[in-house]
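Please read this report alongside the model. It starts with one definition and then works through the fold.

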Amino acid sequence: MDAGDSNNGDSFEDLSFWWVFFGMFYQLLKKRQRAIRYNSILTGDDRVTEFLHGHWERIFNRTHMTRDCFVRLSSIMEQTGRLTPSRAVSVEEQLMIFLFVVGHGASNRDAQETWQRSGSTISKYFGIVLEAIFNMSGEYIRPPDMNNVHHTIRYNNRFFPYFQGCVGAIDGTHVSACVGGARADKFRGRKGDTTWNVLAACDFDLKFTYMLSGWEGSAHDARVLEHAISEPQNGFPFPPPGKYYLVDSGYANRGCFLAPYRGTNYHLRDRRRLGGDRKKEQFNYRHASLRNAIERTFGIWKRRFPILRSMHQFPLDKQAMIPVACAVLHNFIRMDPASVAQDHVSGDEDDDDASSEDDSVDADPDGVDVGESSSHLNIPQDMDMGAFRDYVTNCIHEGSSG
């Protein structure tokens with residue numbers, strides 16, 4: 001080998017050395033920049049510890065649930081294997097990251113700063129927790145007991161025995177969608193915003209008993225309901241014979257759905273002038289007062305989870321899962337009396353002010369003991385919903401004028 005070949009070999013080795021050197025230096029510089037970016041004294045795990053062992057209001061404001069409720073939820077998620085701790089991120093922190101985003105409408109950048117994690121880490125665990133909670137819907141969004149009359153109806157003279165066959169209320173609501181380009185028109189609702197049209201049923205404890213998410217905002221509520229009841233895979237909870245749901249006038253009055261009279265209005269300020277001579281208005285008023293449960297449920301749900309009003313730029317499949325996951329959390333929180341009580345204090349939950357009518361049950365205007373059932377006000381098998389609505393309307397009128 002001559003001197004020229006030797007020099008060329010040395011030059012190649014020197015060049016390789018410098019490439020390796022600069023590569024290592026670049027990686028070190030990136031780590032240094034990351035260390036400077038996330039330089040808070042408190043790590044994500046430290047913040048979780050601070051919330052869990054600090055003042056009770058801090059964890060409630062962060063998660064919309066009490067400490068005991070949060071600990072119970074994280075324990076269930078871990079013990080059932082839905083969430084598993086990683087080397088760096090505990091189950092509690094994963095859950096808090098998710099609750100921070102959906103419960104405060106926080107962006108990925110906000111979450112990075114709060115939890116001192118990279119954007120990819122925030123996205124990763126948000127997706128993991130979202131899927132885990134979504135898959136709990138079968139356990140926590142369940143039909144009510146349809147064989148007993150709910151106490152909201154049984155012990156209120158406005159509703160019993162007239163609506164004793166009612167098992168809940170159904171309606172659609174619009175949830176924010178983040179969609180761009182040519183697809184946006186399909187998601188544009190009546191107000192011009194891009195939304196998802198979410199169908200839901202609730203009971204009179206203000207818990208969701210059914211939810212179907214994934215329809216574009218341009219879809220009509222009646223079309224979404226028709227899809228829900230016609231496709232077995234949607235798992236719609238049909239009530240037993242004689243039972244029904246309350247719906248608004250946007251739906252047909254048929255099957256197991258009792259709607260108000262169309263073209264017949266009622267006004268709270270004029271209610272005292274009804275005097276028992278405007279039967280349809282009386283029916284519509286009481287129907288609306290009871291059906292208001294679904295509006296209240298939607299209201300609490302949306303106030304508790306602001307992401308439903310301002311969706312982030314997630315993939316569409318994730319966006320469709322978020323309303324259901326938030327409904328699971330809503331029901332889980334409703335099962336904790338302390339969290340519900342704190343909702344009243346913090347203003348996250350409305351009082352039942354659907355009506356100013358006297359709720360006294362000391363005297364039943366129809367002469368029917370509220371402790372007894374009146375089976376003739378369930379739907380007879382040979383009577384369609386239109387005839388049944390007229391029958392209930394006449395009973396309300398006779399009771400009011402009696």
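A charge sits over a ring if NZ of Lys or CZ of Arg is within 6 Å of the ring centre and within 35 degrees of the ring normal. Arg389 meets this test: it lies over the face of Tyr261, at 4.2 Å from the ring centre.

This is a predicted model, in which local features need pLDDT of at least 70, side-chain atom pairs count only at pLDDT 80 or more, and totals for chains, interfaces and linings use all residues. Residues are numbered from 1 along each chain as its sequence is written, and side-chain values use heavy atoms, with hydrogens and water left out.

**Overview**

The protein chain has 15 helices and five strands. Both are DSSP runs numbered from the N terminus: helices are H or I with at least four residues, strands are E with at least two. Of the 402 residues, 50% count as buried. Buried means under 20% relative accessible area, exposed over 50%, and partly exposed in between, with a 1.4 Å probe and protein chains only. A contact means heavy atoms within 4.5 Å. Among contacts with a separation of 6 or more, 69% join residues 24 or more positions apart.

Five strands form an open sheet in the order 3-2-1-4-5, with mixed pairing. Two strands pair if DSSP finds at least two bridges between them. Strand 3 (208-216) and strand 5 (257-258) are the edge strands, and each pairs on one side only. Strands of a sheet pair through backbone hydrogen bonds, either parallel or antiparallel.

Strand 1 shows both kinds of pairing. Strand 1 (residues 166-176) runs parallel to strand 4 (residues 244-246), and three bridges join them. Cys166 has Tyr244 of strand 4 as its bridge partner. Gly168 is partnered by Tyr245 in strand 4. Strand 1 and strand 2 run antiparallel, joined by eight bridges. There, Val175 has Trp196 of strand 2 as its partner. Strand 1 is mostly covered, with 10 of its 11 residues buried.

Ala201 is in strand 2. Its relative accessible area is 0%, so Ala201 is buried. Leaving out residues up to four places away in sequence, Ala201 touches Ala169, Ile170, Lys207, Phe208, Thr209, Tyr210, Tyr245 and Ile294.

Which strands does helix 11 lie across? Helix 11 (residues 221-230) lies across strand 1, strand 2 (195-202), strand 3 and strand 5, and runs at about 115 degrees to strand 3. Axes are lines fitted to C-alpha atoms, for helices over the stretch in contact, and angles run from 0 to 180 degrees between N-to-C directions. Helix 12 (residues 279-304) also packs on the sheet, touching strand 1, strand 2, strand 3, strand 4 and strand 5. The direction of helix 12 makes about 50 degrees with that of strand 1.

Asp221, Val224, Leu225, Ala228 and Ile229 of helix 11 are buried. They cover an arc of only 125 degrees around the axis, so they lie on the same side of helix 11. The arc is that of the directions from the helix axis to the C-beta atoms. The cover over these buried residues includes strand 1, strand 2, strand 3 and strand 5.

**Aromatic pairs**

The whole structure holds 18 aromatic pairs. Rings of Phe, Tyr and Trp (its six-membered ring) pair if their centres lie within 6.5 Å; planes under 30 degrees apart count as stacked, over 60 as edge-to-face and the rest as tilted. Two of the pairs are set out here.

| Pair | Centre to centre | Angle between planes | Class |
|---|---|---|---|
| Phe126 and Phe314 | 4.8 Å | 5 degrees | stacked |
| Tyr210 and Phe236 | 5.2 Å | 75 degrees | edge-to-face |

Phe126 lies in helix 7 (residues 119-134) and Phe314 in the loop between helix 12 and helix 13 (316-334), so the pair ties together parts 188 residues apart in sequence. Phe126 is buried at 3% relative accessible area.

Tyr210 lies in strand 3 and Phe236 in the loop between helix 11 and strand 4, so this pair ties together parts 26 residues apart in sequence. Ring pairs link Tyr210, Phe236, Phe238, Tyr245 and Phe257 into a cluster.
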